[in-house]
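The sequence and structure come first, and the interfaces are then taken one at a time.

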There are 2 protein chains.
Amino acid sequence: MTKTTRRRGEALEQAILEAVTAELAEHGYAGLTFEGVAVRAETSKPVLYRRWPTKAEMVAAATVRANSTTIVSPDTGSLAGDLLALLDQVRTVVDASDRSVLLTLMAELPPSAAESLRELLVARGTQLVQPIVDHARQRGELGDAPLPSRLLALPIDLVRHEILVTGTPSDAALRSIVDVILMPLLRAAAGHGQRPG
Amino acid sequence: MTKTTRRRGEALEQAILEAVTAELAEHGYAGLTFEGVAVRAETSKPVLYRRWPTKAEMVAAATVRANSTTIVSPDTGSLAGDLLALLDQVRTVVDASDRSVLLTLMAELPPSAAESLRELLVARGTQLVQPIVDHARQRGELGDAPLPSRLLALPIDLVRHEILVTGTPSDAALRSIVDVILMPLLRAAAGHGQRPG
DNA sequence: CCCCATAAGAAACGGATCGTATCTTAATTT
DNA sequence: AAATTAAGATACGATCCGTTTCTTATGGGG
(Lines give C-alpha, C1' and ligand atoms only; values in the text may rest on other atoms or scores of the structure.)
Protein backbone atom coordinates (compact mmCIF):
# COMPACT_ATOMS: atom_id res chain seq x y z
CA MET A 1 0.00 0.00 0.00
CA THR A 2 1.19 3.45 -0.81
CA LYS A 3 1.12 6.27 1.66
CA THR A 4 -2.26 7.82 1.34
CA THR A 5 -1.54 10.80 3.57
CA ARG A 6 -0.51 14.13 2.10
CA ARG A 7 0.84 16.82 4.31
CA ARG A 8 0.42 20.46 3.42
CA GLY A 9 1.46 23.94 4.38
CA GLU A 10 3.29 24.34 7.68
CA ALA A 11 3.37 20.66 8.62
CA LEU A 12 4.97 19.75 5.33
CA GLU A 13 7.42 22.59 5.47
CA GLN A 14 8.54 21.67 8.93
CA ALA A 15 9.11 18.07 7.92
CA ILE A 16 11.18 19.21 4.96
CA LEU A 17 13.34 21.56 7.00
CA GLU A 18 13.95 18.86 9.56
CA ALA A 19 15.06 16.61 6.75
CA VAL A 20 17.40 19.33 5.52
CA THR A 21 18.93 19.66 8.95
CA ALA A 22 19.41 15.93 9.20
CA GLU A 23 20.94 15.63 5.74
CA LEU A 24 23.19 18.52 6.56
CA ALA A 25 24.44 16.79 9.67
CA GLU A 26 24.94 13.56 7.79
CA HIS A 27 26.48 14.65 4.51
CA GLY A 28 27.49 18.26 4.99
CA TYR A 29 26.51 21.10 2.73
CA ALA A 30 28.28 19.89 -0.38
CA GLY A 31 26.86 16.41 -0.02
CA LEU A 32 23.31 17.57 0.50
CA THR A 33 21.08 17.10 -2.54
CA PHE A 34 17.52 18.02 -3.34
CA GLU A 35 16.83 14.41 -4.02
CA GLY A 36 18.25 13.28 -0.72
CA VAL A 37 16.11 15.75 1.14
CA ALA A 38 13.02 14.76 -0.81
CA VAL A 39 13.52 11.09 -0.01
CA ARG A 40 14.14 11.68 3.66
CA ALA A 41 11.16 13.97 3.99
CA GLU A 42 9.07 11.49 2.04
CA THR A 43 8.15 13.99 -0.57
CA SER A 44 9.47 14.84 -4.04
CA LYS A 45 11.82 17.28 -5.68
CA PRO A 46 9.19 19.50 -7.26
CA VAL A 47 7.74 20.14 -3.83
CA LEU A 48 11.11 21.49 -2.74
CA TYR A 49 11.68 23.55 -5.85
CA ARG A 50 8.26 25.13 -5.47
CA ARG A 51 9.44 26.56 -2.19
CA TRP A 52 13.12 27.36 -2.62
CA PRO A 53 14.79 28.14 -5.91
CA THR A 54 18.27 27.17 -4.73
CA LYS A 55 19.93 24.82 -2.31
CA ALA A 56 21.43 27.76 -0.46
CA GLU A 57 18.04 29.28 0.26
CA MET A 58 16.60 25.99 1.36
CA VAL A 59 19.49 25.38 3.72
CA ALA A 60 19.29 28.93 4.99
CA ALA A 61 15.65 28.42 5.87
CA ALA A 62 16.49 25.25 7.77
CA THR A 63 19.43 26.84 9.54
CA VAL A 64 17.42 29.81 10.68
CA ARG A 65 14.58 27.64 11.88
CA ALA A 66 16.83 25.21 13.71
CA ASN A 67 18.66 27.96 15.55
CA SER A 68 15.97 30.44 16.31
CA THR A 69 16.86 30.68 19.95
CA THR A 70 16.36 34.18 21.15
CA ILE A 71 19.36 35.72 22.76
CA VAL A 72 18.50 37.66 25.85
CA SER A 73 20.51 40.40 27.50
CA PRO A 74 22.36 38.88 30.43
CA ASP A 75 22.57 40.47 33.86
CA THR A 76 25.45 39.13 35.90
CA GLY A 77 26.05 42.24 37.98
CA SER A 78 29.21 43.41 36.26
CA LEU A 79 29.99 44.82 32.86
CA ALA A 80 32.73 42.30 32.16
CA GLY A 81 30.47 39.48 33.28
CA ASP A 82 27.62 40.61 31.09
CA LEU A 83 29.84 40.92 28.05
CA LEU A 84 31.33 37.51 28.57
CA ALA A 85 27.90 35.99 29.01
CA LEU A 86 26.72 37.64 25.82
CA LEU A 87 29.64 36.32 23.79
CA ASP A 88 29.12 32.91 25.29
CA GLN A 89 25.49 32.91 24.24
CA VAL A 90 26.36 33.83 20.69
CA ARG A 91 28.95 31.09 20.59
CA THR A 92 26.47 28.52 21.79
CA VAL A 93 23.77 29.50 19.35
CA VAL A 94 26.08 29.44 16.40
CA ASP A 95 27.83 26.32 17.53
CA ALA A 96 24.80 24.16 16.87
CA SER A 97 24.99 25.29 13.32
CA ASP A 98 28.20 24.67 11.46
CA ARG A 99 30.96 27.04 10.45
CA SER A 100 31.40 25.78 6.91
CA VAL A 101 27.67 25.91 6.31
CA LEU A 102 27.55 29.49 7.47
CA LEU A 103 30.46 30.45 5.28
CA THR A 104 28.95 28.79 2.26
CA LEU A 105 25.62 30.45 2.82
CA MET A 106 27.22 33.85 3.22
CA ALA A 107 28.97 33.21 -0.06
CA GLU A 108 26.02 31.93 -2.03
CA LEU A 109 22.95 33.64 -0.72
CA PRO A 110 21.62 36.64 -2.57
CA PRO A 111 21.83 39.68 -0.27
CA SER A 112 18.08 39.69 0.28
CA ALA A 113 18.03 36.14 1.59
CA ALA A 114 21.21 36.69 3.57
CA GLU A 115 19.42 39.14 5.81
CA SER A 116 17.72 36.56 8.01
CA LEU A 117 20.90 34.57 8.32
CA ARG A 118 22.93 37.58 9.31
CA GLU A 119 20.33 38.29 11.91
CA LEU A 120 20.89 34.86 13.33
CA LEU A 121 24.62 35.37 13.45
CA VAL A 122 24.38 38.86 14.78
CA ALA A 123 21.28 38.57 16.89
CA ARG A 124 20.73 42.24 16.32
CA GLY A 125 24.31 43.05 17.36
CA THR A 126 24.19 46.58 18.66
CA GLN A 127 20.80 46.14 20.25
CA LEU A 128 22.09 43.53 22.62
CA VAL A 129 25.03 45.56 23.79
CA GLN A 130 23.19 48.77 24.52
CA PRO A 131 21.22 47.45 27.52
CA ILE A 132 24.38 45.95 28.94
CA VAL A 133 26.06 49.32 28.74
CA ASP A 134 23.03 50.98 30.30
CA HIS A 135 23.14 48.64 33.24
CA ALA A 136 26.80 49.34 33.73
CA ARG A 137 26.05 53.04 33.78
CA GLN A 138 23.33 52.58 36.33
CA ARG A 139 25.78 50.73 38.52
CA GLY A 140 28.32 53.50 38.04
CA GLU A 141 30.76 51.27 36.19
CA LEU A 142 30.79 53.47 33.13
CA GLY A 143 30.51 57.18 32.42
CA ASP A 144 27.91 58.82 30.26
CA ALA A 145 29.84 59.74 27.13
CA PRO A 146 27.90 58.47 24.12
CA LEU A 147 29.31 55.43 22.34
CA PRO A 148 29.75 55.35 18.58
CA SER A 149 27.84 52.63 16.78
CA ARG A 150 30.99 50.95 15.63
CA LEU A 151 31.91 50.44 19.24
CA LEU A 152 28.52 49.05 20.15
CA ALA A 153 28.80 46.59 17.28
CA LEU A 154 32.30 45.53 18.23
CA PRO A 155 31.51 42.75 20.74
CA ILE A 156 29.40 40.81 18.28
CA ASP A 157 31.72 41.62 15.40
CA LEU A 158 34.60 40.08 17.28
CA VAL A 159 32.88 36.82 18.18
CA ARG A 160 31.55 36.54 14.67
CA HIS A 161 35.03 37.02 13.30
CA GLU A 162 36.39 34.42 15.66
CA ILE A 163 33.69 31.94 14.69
CA LEU A 164 34.06 32.42 10.97
CA VAL A 165 37.81 32.38 10.80
CA THR A 166 38.90 29.96 13.49
CA GLY A 167 35.79 27.97 14.36
CA THR A 168 34.25 27.73 17.81
CA PRO A 169 36.19 30.10 20.04
CA SER A 170 37.65 28.84 23.30
CA ASP A 171 36.75 30.24 26.69
CA ALA A 172 40.14 31.87 26.78
CA ALA A 173 39.47 33.58 23.48
CA LEU A 174 36.19 35.02 24.70
CA ARG A 175 37.78 36.17 27.91
CA SER A 176 40.63 37.86 26.16
CA ILE A 177 38.22 39.66 23.87
CA VAL A 178 36.48 41.05 26.92
CA ASP A 179 39.55 41.82 28.99
CA VAL A 180 41.97 43.00 26.34
CA ILE A 181 39.65 44.76 23.96
CA LEU A 182 36.16 45.49 25.13
CA MET A 183 36.64 46.58 28.73
CA PRO A 184 39.53 48.97 28.15
CA LEU A 185 37.84 50.43 25.13
CA LEU A 186 34.47 50.93 26.75
CA ARG A 187 36.06 52.54 29.76
CA ALA A 188 38.11 54.84 27.59
CA ALA A 189 35.18 55.81 25.43
CA ALA A 190 32.42 56.17 28.00
CA GLY A 191 34.55 57.54 30.77
CA HIS A 192 34.75 55.95 34.22
CA GLY A 193 31.82 55.90 36.57
CA GLN A 194 31.33 58.10 39.65
CA ARG A 195 32.49 55.53 42.15
CA PRO A 196 35.58 53.86 40.84
CA GLY A 197 36.69 50.71 42.67
CA MET B 1 46.22 21.29 -38.32
CA THR B 2 46.17 20.50 -34.66
CA LYS B 3 48.23 22.40 -32.14
CA THR B 4 51.56 20.70 -32.06
CA THR B 5 52.95 22.63 -29.11
CA ARG B 6 52.85 21.18 -25.65
CA ARG B 7 53.59 23.32 -22.66
CA ARG B 8 55.04 21.86 -19.50
CA GLY B 9 55.83 22.60 -15.90
CA GLU B 10 55.71 26.22 -14.83
CA ALA B 11 54.60 27.62 -18.17
CA LEU B 12 51.64 25.28 -18.30
CA GLU B 13 50.72 25.87 -14.72
CA GLN B 14 50.74 29.59 -15.16
CA ALA B 15 48.49 29.35 -18.20
CA ILE B 16 46.07 27.19 -16.27
CA LEU B 17 45.91 29.48 -13.28
CA GLU B 18 45.35 32.45 -15.54
CA ALA B 19 42.48 30.56 -17.10
CA VAL B 20 41.08 29.86 -13.66
CA THR B 21 41.21 33.55 -12.79
CA ALA B 22 39.47 34.45 -16.03
CA GLU B 23 36.77 31.84 -15.62
CA LEU B 24 36.27 32.98 -12.07
CA ALA B 25 35.74 36.54 -13.22
CA GLU B 26 33.38 35.44 -15.93
CA HIS B 27 31.25 32.80 -14.24
CA GLY B 28 31.97 33.11 -10.54
CA TYR B 29 33.00 30.26 -8.30
CA ALA B 30 29.87 28.19 -8.68
CA GLY B 31 29.89 28.52 -12.45
CA LEU B 32 33.51 27.55 -12.81
CA THR B 33 34.06 24.02 -14.06
CA PHE B 34 37.11 21.89 -14.65
CA GLU B 35 36.04 21.52 -18.20
CA GLY B 36 35.69 25.23 -18.74
CA VAL B 37 39.15 25.86 -17.37
CA ALA B 38 40.61 23.11 -19.50
CA VAL B 39 39.10 24.53 -22.66
CA ARG B 40 40.20 28.07 -21.92
CA ALA B 41 43.71 27.02 -21.05
CA GLU B 42 43.77 24.82 -24.14
CA THR B 43 44.53 21.73 -22.17
CA SER B 44 42.44 18.87 -20.79
CA LYS B 45 40.79 17.82 -17.59
CA PRO B 46 43.26 15.13 -16.59
CA VAL B 47 46.00 17.73 -16.65
CA LEU B 48 44.07 19.71 -14.07
CA TYR B 49 43.21 16.73 -11.92
CA ARG B 50 46.84 15.67 -11.87
CA ARG B 51 47.62 18.92 -10.12
CA TRP B 52 44.64 19.69 -7.90
CA PRO B 53 42.28 17.13 -6.44
CA THR B 54 39.42 19.59 -5.96
CA LYS B 55 38.05 22.73 -7.48
CA ALA B 56 38.59 24.56 -4.21
CA GLU B 57 42.29 23.82 -4.20
CA MET B 58 42.69 24.80 -7.82
CA VAL B 59 40.92 28.09 -7.25
CA ALA B 60 42.92 28.69 -4.10
CA ALA B 61 46.13 28.28 -6.04
CA ALA B 62 44.95 30.78 -8.63
CA THR B 63 43.76 33.23 -6.02
CA VAL B 64 47.00 33.15 -4.12
CA ARG B 65 49.06 33.55 -7.25
CA ALA B 66 46.95 36.38 -8.62
CA ASN B 67 47.15 38.31 -5.38
CA SER B 68 50.66 37.68 -4.23
CA THR B 69 51.43 41.33 -3.72
CA THR B 70 53.61 41.77 -0.70
CA ILE B 71 52.22 44.10 1.85
CA VAL B 72 54.86 46.37 3.27
CA SER B 73 54.82 48.27 6.53
CA PRO B 74 53.83 51.85 5.76
CA ASP B 75 55.57 54.88 7.21
CA THR B 76 53.43 57.99 7.05
CA GLY B 77 54.86 59.73 10.10
CA SER B 78 51.94 59.15 12.44
CA LEU B 79 50.47 56.10 14.12
CA ALA B 80 46.97 56.78 12.86
CA GLY B 81 48.27 57.37 9.37
CA ASP B 82 50.26 54.17 9.36
CA LEU B 83 47.33 52.12 10.58
CA LEU B 84 45.02 53.59 8.00
CA ALA B 85 47.55 52.94 5.26
CA LEU B 86 47.89 49.34 6.40
CA LEU B 87 44.18 48.72 6.36
CA ASP B 88 43.94 50.35 2.98
CA GLN B 89 46.61 48.06 1.60
CA VAL B 90 44.83 44.99 2.86
CA ARG B 91 41.61 46.21 1.34
CA THR B 92 43.23 46.75 -2.01
CA VAL B 93 44.94 43.39 -2.10
CA VAL B 94 41.81 41.51 -1.19
CA ASP B 95 39.63 43.62 -3.41
CA ALA B 96 41.11 42.18 -6.58
CA SER B 97 39.94 38.85 -5.36
CA ASP B 98 36.28 38.39 -4.60
CA ARG B 99 34.43 38.14 -1.33
CA SER B 100 32.25 35.21 -2.24
CA VAL B 101 35.22 33.29 -3.56
CA LEU B 102 37.09 33.83 -0.34
CA LEU B 103 34.14 32.72 1.72
CA THR B 104 33.65 29.61 -0.35
CA LEU B 105 37.30 28.71 -0.13
CA MET B 106 37.33 29.19 3.62
CA ALA B 107 34.36 26.87 3.78
CA GLU B 108 35.64 24.17 1.46
CA LEU B 109 39.38 24.06 1.78
CA PRO B 110 40.92 21.46 4.04
CA PRO B 111 42.74 23.23 6.88
CA SER B 112 46.13 22.40 5.40
CA ALA B 113 45.35 24.10 2.10
CA ALA B 114 43.62 26.97 3.83
CA GLU B 115 46.92 28.05 5.33
CA SER B 116 48.22 29.82 2.26
CA LEU B 117 44.92 31.52 1.69
CA ARG B 118 44.72 32.75 5.23
CA GLU B 119 48.19 34.11 4.80
CA LEU B 120 46.96 36.10 1.85
CA LEU B 121 44.04 37.48 3.80
CA VAL B 122 46.06 38.16 6.87
CA ALA B 123 49.39 39.00 5.35
CA ARG B 124 51.00 37.83 8.52
CA GLY B 125 48.67 39.97 10.66
CA THR B 126 50.53 40.67 13.82
CA GLN B 127 53.86 40.96 12.08
CA LEU B 128 52.72 43.97 10.11
CA VAL B 129 51.44 45.84 13.10
CA GLN B 130 54.45 45.42 15.33
CA PRO B 131 56.79 47.65 13.28
CA ILE B 132 54.12 50.31 13.10
CA VAL B 133 53.85 50.29 16.85
CA ASP B 134 57.62 50.39 17.17
CA HIS B 135 57.82 53.46 15.00
CA ALA B 136 55.16 55.16 17.05
CA ARG B 137 57.15 54.45 20.17
CA GLN B 138 60.29 55.87 18.67
CA ARG B 139 58.39 59.02 17.84
CA GLY B 140 57.06 59.13 21.38
CA GLU B 141 53.47 58.63 20.32
CA LEU B 142 53.07 55.52 22.43
CA GLY B 143 54.37 54.28 25.75
CA ASP B 144 56.36 51.13 26.31
CA ALA B 145 53.84 48.83 27.97
CA PRO B 146 53.84 45.52 26.11
CA LEU B 147 50.86 44.78 23.91
CA PRO B 148 49.00 41.48 24.09
CA SER B 149 48.93 39.46 20.87
CA ARG B 150 45.20 39.78 20.55
CA LEU B 151 45.63 43.50 20.36
CA LEU B 152 48.34 43.29 17.74
CA ALA B 153 46.11 41.07 15.65
CA LEU B 154 43.13 43.35 16.00
CA PRO B 155 43.75 45.74 13.09
CA ILE B 156 43.87 42.96 10.53
CA ASP B 157 41.10 41.04 12.24
CA LEU B 158 38.81 44.02 11.89
CA VAL B 159 39.44 44.64 8.20
CA ARG B 160 39.10 40.97 7.51
CA HIS B 161 35.81 40.91 9.32
CA GLU B 162 34.62 43.92 7.40
CA ILE B 163 35.64 42.37 4.10
CA LEU B 164 34.06 39.01 4.78
CA VAL B 165 30.79 40.22 6.16
CA THR B 166 30.03 43.40 4.29
CA GLY B 167 32.29 43.34 1.23
CA THR B 168 34.81 46.00 0.36
CA PRO B 169 34.90 48.44 3.24
CA SER B 170 34.45 52.15 2.57
CA ASP B 171 37.04 54.76 3.42
CA ALA B 172 34.80 55.89 6.24
CA ALA B 173 34.71 52.37 7.64
CA LEU B 174 38.47 52.10 7.67
CA ARG B 175 38.80 55.51 9.26
CA SER B 176 36.32 54.70 11.97
CA ILE B 177 38.14 51.48 12.75
CA VAL B 178 41.30 53.47 13.28
CA ASP B 179 39.77 56.41 15.13
CA VAL B 180 37.13 54.70 17.22
CA ILE B 181 38.82 51.42 18.01
CA LEU B 182 42.50 51.13 17.32
CA MET B 183 43.87 54.48 18.41
CA PRO B 184 42.06 54.70 21.74
CA LEU B 185 42.88 51.10 22.50
CA LEU B 186 46.54 51.31 21.64
CA ARG B 187 46.93 54.46 23.67
CA ALA B 188 45.18 52.91 26.63
CA ALA B 189 47.21 49.71 26.44
CA ALA B 190 50.68 51.03 25.67
CA GLY B 191 50.42 54.19 27.68
CA HIS B 192 50.98 57.62 26.23
CA GLY B 193 54.36 58.76 24.99
CA GLN B 194 56.76 61.11 26.76
CA ARG B 195 55.69 64.20 24.91
CA PRO B 196 51.92 64.24 24.79
CA GLY B 197 50.33 66.74 22.36
C1' DC C 1 72.46 12.45 -31.49
C1' DC C 2 69.31 9.05 -30.33
C1' DC C 3 66.56 6.67 -26.86
C1' DC C 4 63.49 6.61 -23.31
C1' DA C 5 60.93 8.02 -19.30
C1' DT C 6 57.53 11.41 -18.48
C1' DA C 7 53.70 13.94 -18.86
C1' DA C 8 50.40 16.59 -22.24
C1' DG C 9 46.44 16.35 -24.48
C1' DA C 10 42.32 14.04 -26.74
C1' DA C 11 38.38 11.33 -26.27
C1' DA C 12 35.05 8.79 -24.14
C1' DC C 13 32.83 6.54 -20.09
C1' DG C 14 29.28 5.70 -16.25
C1' DG C 15 27.33 8.09 -12.71
C1' DA C 16 25.26 11.70 -10.03
C1' DT C 17 22.61 15.69 -9.76
C1' DC C 18 20.50 19.30 -11.80
C1' DG C 19 16.10 21.77 -12.92
C1' DT C 20 11.77 20.98 -15.37
C1' DA C 21 7.60 18.92 -17.36
C1' DT C 22 3.84 15.76 -17.04
C1' DC C 23 0.35 13.44 -14.78
C1' DT C 24 -2.50 11.42 -11.08
C1' DT C 25 -4.89 12.14 -6.93
C1' DA C 26 -5.43 13.79 -2.13
C1' DA C 27 -6.68 17.84 0.53
C1' DT C 28 -9.06 21.99 0.81
C1' DT C 29 -12.39 25.63 -0.64
C1' DT C 30 -16.88 27.29 -2.11
C1' DA D 1 -20.85 17.81 -4.16
C1' DA D 2 -18.04 20.24 -7.37
C1' DA D 3 -14.09 22.80 -8.27
C1' DT D 4 -9.62 24.42 -7.18
C1' DT D 5 -5.17 23.82 -5.42
C1' DA D 6 -1.08 21.59 -4.51
C1' DA D 7 1.35 16.98 -3.17
C1' DG D 8 3.79 13.44 -4.78
C1' DA D 9 5.53 10.15 -8.36
C1' DT D 10 8.09 9.59 -12.47
C1' DA D 11 10.85 10.50 -16.19
C1' DC D 12 13.49 13.66 -19.17
C1' DG D 13 17.69 15.95 -21.28
C1' DA D 14 21.58 18.37 -19.88
C1' DT D 15 25.65 19.23 -17.39
C1' DC D 16 29.49 18.23 -14.79
C1' DC D 17 31.99 14.97 -12.26
C1' DG D 18 36.18 12.07 -11.78
C1' DT D 19 38.51 8.44 -14.17
C1' DT D 20 40.39 5.49 -17.77
C1' DT D 21 42.62 4.69 -22.03
C1' DC D 22 45.52 5.86 -25.58
C1' DT D 23 48.52 8.59 -28.59
C1' DT D 24 52.45 11.47 -29.04
C1' DA D 25 55.24 15.73 -27.99
C1' DT D 26 58.91 16.98 -24.91
C1' DG D 27 63.21 17.07 -22.67
C1' DG D 28 66.87 14.68 -20.20
C1' DG D 29 70.50 11.08 -20.06
C1' DG D 30 73.63 8.23 -22.22
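## Basis of the values

Contact here means heavy atoms within 4.5 Å. The model is predicted, so that local features need pLDDT of at least 70 and side-chain atom pairs count only at pLDDT 80 or more, while totals for chains, interfaces and linings use all residues. Residues are numbered from 1 along each chain as its sequence is written, chains are lettered from A and ligands numbered from 1 in the order in which they are written, and side-chain values use heavy atoms, with hydrogens and water left out.

## Chain B against chain A

By that contact rule, 25 residues of chain B touch 25 residues of chain A. The size of an interface is often given as the accessible area lost when the parts come together. Between chain B and chain A about 2,400 Å² is buried, with 68% of it on carbon and sulfur atoms; buried area is the accessible area (1.4 Å probe) that two parts lose on being put together, summed over both. On the chain B side, B:Arg150, B:His161 and B:Val165 lose the most area to chain A, and together they make up 26% of what that side buries.

Two salt bridges are counted between chain B and chain A, a salt bridge being a side-chain nitrogen of Lys or Arg within 4 Å of a carboxyl oxygen of Asp or Glu. The side chain of B:Arg150 forms a salt bridge with that of A:Glu162, at 2.8 Å from N to O. There are also seven residue pairs in polar contact between chain B and chain A, both residues at pLDDT 80 or more; a polar contact is a pair of N or O atoms within 3.5 Å, where within protein one must be able to donate a hydrogen and the other to accept it, and residues adjacent in sequence count only if both atoms are side-chain atoms. The elements of chain B that give two or more residues to the side touching chain A are α6 (99-108), α9 (149-166) and α10 (171-190), and α9(B) gives the most, with ten residues. Helices (H or I, at least four residues) and strands (E, at least two) are DSSP runs, numbered from the N terminus.

## The two domains of chain A

An automatic or database domain assignment provides the domain bounds, and chain A is divided into domain 1 (9-66) and domain 2 (79-190). Their centres, taken over C-alpha atoms, are separated by 30 Å, and the contact takes eight residues from domain 1 of chain A and twelve residues from domain 2 of chain A.

About 760 Å² is buried between domain 1 and domain 2 of chain A, of which carbon and sulfur atoms give 81%. In domain 1, A:Tyr29, A:Thr63 and A:Val64 lose the most area to domain 2, together 57% of what that side buries.

## The protein around DNA strand D

A residue is near a strand if one of its heavy atoms lies within 4 Å of it. Of the 20 residues around DNA strand D, A:Arg6, A:Arg51, B:Arg6, B:Lys45 and B:Tyr49 come nearest. Sugar and phosphate account for 53% of the atoms of DNA strand D that come within 4 Å of the protein.

For B:Arg6, an N or O atom in the side chain lies 2.5 Å from a base oxygen of DNA strand D.
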